[in-house]
Amino acid sequence: MQDQSRLISTVSYITIVGWIIALILRQNENPKSELSLFHIRQSFGLMVLSFAASIAQVILAGISLGLIGKVIWICVFALWLIGLIGAIQGRFSKVPFIGDWIQDNMRFIG
């Protein structure tokens, strides 16, 4: 059962398609794992952050601050990697800085 939870958790970090697949797999999971729900929420929060970073990068590039946009992307990538490693290891490891916020505000996912 733990292996299935880890698989669902890991798949949720692999693009929006992987996230949707993970959400479907979790609906069929019996019993439903808190680990998979935790990482589905974390990865969704990172996707929202990634979307916001894309918008910020376009705006910043428009006013010649493209380097800041690249730094934002590197930070988002680092957070994604931390989340992915936690999922692979089967740990409840929140991504730094925004992990608590994600868990508190993404409760509609479940």
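I began with S12, which is buried at a relative accessible area of 1% (buried is under 20%, exposed over 50%, partly exposed in between, using a 1.4 Å probe and protein chains only). This is a predicted model, so I kept in mind that local features need pLDDT of at least 70, side-chain atom pairs count only at pLDDT 80 or more, and totals for chains, interfaces and linings use all residues. Residues are numbered from 1 along each chain as its sequence is written, and side-chain values use heavy atoms, with hydrogens and water left out.

Next I looked up what surrounds S12. I found S12 in the loop between α1 (2-11) and α2 (15-27) (helices are DSSP runs of H or I, at least four residues, numbered from the N terminus). Its side chain reaches the backbone oxygen of S9 at 2.6 Å. Beyond neighbours within four places in sequence, S12 is in contact with G18, W19, A22, H39, I40 and S43 (heavy atoms within 4.5 Å).

Last, I checked salt bridges and noted one (a side-chain nitrogen of Lys or Arg within 4 Å of a carboxyl oxygen of Asp or Glu). The side chains of D100 and K94 form it, at 2.6 Å from N to O. D100 is partly exposed at 47% relative accessibility, and K94 is partly exposed at 42%.

Methods:
Helices (H or I, at least four residues) and strands (E, at least two) are DSSP runs, numbered from the N terminus. A polar contact is a pair of N or O atoms within 3.5 Å; within protein, one must be able to donate a hydrogen and the other to accept it, and residues adjacent in sequence count only if both atoms are side-chain atoms.
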